[in-house]
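Dear colleague,

I am handing over the structure we spoke about, and you will find it just below. My notes on what I found in it follow, and I would be glad if you read them alongside the model.

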Amino acid sequence: MKKIMILMLLLVGASTVNAQYNSLGLYNPHFTFNKAEFIPSKLGVNQSKVEFRIIPNGYVYGANSLLSIQTVMYPTTSGIDKAVDNADGHTLFGAGVEIPGVAISYKLGKTKELMTFALTNKTRALGNVLLDDQLLKLAWNGNKQFEGETIKLNKFGASSIAATEIGLGWAMPLKVGALKMRVGANLKYLLAFAGGYVPQSEVLMETATDGRYISFQNLNYQANVALLDDANTFTGNGFAMDLSTTLHFGKEMNASVAVLDIGALTFDKNTYSYTGAGDVNIEGVVIDNIFEDNTFQIDSAILEGFHSENDSGKTFSMGMPSRLVVHLEKNILNGDEVKHGIYLTYIQGFNNIAGTTTRPYFATGYSYSLKKILNVGPTVNYGGYGGFGLGMFLSAKVGPLRIGAGTNAGLSYLIFPSVTKSVDISFMTTWVIGAKKEKAEVPSIE
Amino acid sequence: MMKNKGTKIAFLLFAALTVVSCTKEDAFNYSDLEHTAEWIFPVAKTEISAEQFTKINDLRYDVGVVTLDAPFLTTGLPTPPISAQSIGPLDLEGTDSLYVQFKSDNAIIKIYITNNFPINIKAGTVVEIRNSVNNTDVVFEGVIQNDIAAKGGMDSVIVNKVGTSEWVDNRLKLYLTNFGSDGSPNVEDYSIYNNIEIQLGIEVLILNEIELHGNINYIVTDTTDFDFGSTDNVGEIKEENIRNIKMNVFVKNGTPLTFAIRGYFLDANYAVLDSVFNNAVIPSALIDPNGFAVMSSVVEQKIVEELNASQFSYLKNRTQHIYYLLEFTSQPENVSVVGENHVKLEVTAEIESKITL
């Protein structure tokens, strides 16, 4: 059991290729769709009449709050020991793949933008585990260290989502008095391939002196999973919504607030549920008559204490990784083009569903645009699953095609391998048509 | 130039980043990790009751009632109907010599009869167990409910005797009273069909009190199959991953007897492979002048046994067995055991194991 748990935890951490939120799109003026994923009101802020994406983009990340990527990739017992011993609070493991697929946006208005609509698709496979540090220490070092103690194993939870979504995006400029602003929304219909949800639970565990008994009090757990189903492509569906507003302070400064993924998924096919509750006291095999009970199994005696009710075909729901995004942007223009951009982003998850965390995430980035053909810049982020990250992005414009890549934590891995706990890599493309027609209208809300 | 240089640096950095994880061959090598975790957990607990450790729960006797003890049967003549005859006394020589006398609050008497006489045994015949030392009181009895056919007929009588019995001494005698038979019109050869086989078992379920001889030395033992963990539930526990395994045995000896513990690992053919708990001695409770254990003096003792990898493999291997024995000894003077006297055993395990990923 323990071995499986450790494997699960470490492999989730080890599968990392780079950080939790693909904020790179926010900092690269080439990619409006990616901006709109975080700030829906930024849909249509570029000069394009039509923008579309036909090559699937990609963002892969893996992060944890426990082990440095160096330790994950080149593990040593002492490295893991040190990390586990120093764990304080709770530990997060998260990994995910996001594949923004085809998308198209169209801007209404001949010379001035009235509003912009978009039809987008994105596929996500996300997973996370939240572990109390006591549970982590228990799993790694065993329960001997807690002999004679009662420990709280609170804050254990896990979730995973594999779903594709179709989004209908909308944004438009508004003027309220002297205040220029944009509002935007994205309504998403989600089709889930699979999912799993272990709501956060708490339990007290006592290991009696000499191991005379092990008790679990207030045990209350449930786990729901919907597995990939040969008979059905999708095991669940749901709706979610993104909302945001952007306030403009002159041509070069703006601030945005967004709430993302407000919604839920409901799974009703190929589902399995496991629930257990109550107090469990394990005393080993209780032998009524040692001269008659000729066979006894220790592990069965332990496991039998955990009465689990299993059910299949039961519908369950889980929330989406809802989060708040606050974003500040300072652009320095050279004529009608953004020469320099400075960005500050704060993301606060409302829950610990795969894809977000209640641990705050801060990021800042800078972009330099070389004649709008080449955009490059560094990013620094802190928080979320992985803590500190240093990255960069780079993109180029080749005709109507914009293509770029980046990372939020790759540089920190190169420079501070023993500190960086996340890795990610992002690949972005988009096609922009009709930019010249609105060249005089940059930014379009002007 | 500066711009071009900066761009080149950016490209180089990015290229380095994308290939960095592919440059080292030994990445993600978790198989060589050696980490030791320490687990402690309960294994088993039990109580050995007064009935069990005094072996009073399983008194067995085999009795052959031979022709000579039935003088009313005559060879060479037809046997007339018989009624209200007695056979016995027959010594129950199998009586365990551990005890002087006992009283039970609940006992089951099981009498199995095979009638090898050439005549049947009528229902209503009584099997009596009587004392012979201080008195000849009937202490247990059973009535045969059905006629038992001649020449191999079998029947049994099972009596549950509830309530405190008389003192039952250790020289019991068996009688068949109210013996009845339909007899036989034929001339029977009682030199061939000359006995009744009786198997008698007395199982004391609840002991009231038993007086044991002084200076006794006897063994209580059993064999068990033990399974530390199956692959189905906890995954394979490999011997090579075990750094140390320690069994802690907590013993409370609430009896007036001292005992020693030994355990043996046996292979599938019950041959001894190894031993543990080499005669660890658990002293008796304090004993009062009347021979009773002073329960307030009972203290728990801890025996620690470190097992090696081979011994752990014996525990793990389900085709093998554990033979354990408790060797009881008493003081020179007689001691008395009451129902509340028992031996309490708890076993816990501490395992240091290497984690392999």
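Which strands, and in what order, make up the open sheet of 5 strands with mixed pairing? The order is β13(A)-β1(B)-β20(B)-β14(B)-β17(B), and please keep in mind throughout that this is a predicted model. The edge strands, each of which pairs on one side only, are β13 (285-287) of chain A and β17 (300-307) of chain B. On average, and with direction ignored, neighbouring strands of this sheet are turned by 15 degrees against each other.

The place where the two chains meet in this sheet is the pairing of β13(A) with strand β1 (residues 35-48) of chain B, where the strands run parallel and are joined by 3 bridges. Within that pairing, A:Ile287 has B:Thr46 of β1(B) as its bridge partner.

Chain B also contributes an open sheet of 4 strands, in the order β4-β10-β6-β7 and with antiparallel pairing. Its edge strands, pairing on one side only, are β4 (82-91) and β7 (138-143) of chain B, and neighbouring strands are turned by 15 degrees against each other on average, direction ignored. Inside this sheet, strand β6 (residues 126-130) of chain B and strand β10 (residues 173-181) of chain B pair in the antiparallel sense over 5 bridges, with B:Val127 standing opposite B:Leu176 in β10(B).

Turning to chain A, helix α6 (residues 133-141) has a number of buried residues, among them A:Leu135, A:Leu138 and A:Trp140, and the helix is followed by A:Gly142, whose phi is positive, near 90 degrees. A:Thr150, by contrast, lies in strand β5 (residues 149-152) of chain A and counts as exposed, because it has 12 C-beta neighbours inside 10 Å. Leaving aside residues up to four places away in sequence, A:Thr150 touches A:Leu204, A:Met205 and A:Glu206; the C-alpha atoms of A:Thr150 and A:Leu204 are separated by 6.6 Å, although the two residues are 54 residues apart along the chain.

Finally, a word on confidence. The predictor gives the complex an ipTM of 0.75 and a pTM of 0.73. Chain B has a mean pLDDT of 82, with 84% of its residues reaching 70 or more, but over residues 231-235 of chain B the pLDDT is below 50, and this stretch has 9 contacts in the model beyond near neighbours in sequence. Where pLDDT is low, the predicted coordinates should not be read in detail.

How values were computed. Residues are numbered from 1 along each chain as its sequence is written. Chains are lettered from A and ligands numbered from 1 in the order in which they are written. This is a predicted model: local features need pLDDT of at least 70, side-chain atom pairs count only at pLDDT 80 or more; totals for chains, interfaces and linings use all residues. pLDDT is the predictor's confidence in each residue, from 0 to 100. Two residues are in contact if their C-beta atoms, placed from the backbone, lie within 7 Å. Two strands pair if DSSP finds at least two bridges between them. Axes are lines fitted to C-alpha atoms, for helices over the stretch in contact, and angles run from 0 to 180 degrees between N-to-C directions. A residue is buried if 20 or more other C-beta atoms lie within 10 Å of its own, exposed if 12 or fewer, and partly exposed in between; C-beta atoms are placed from the backbone.
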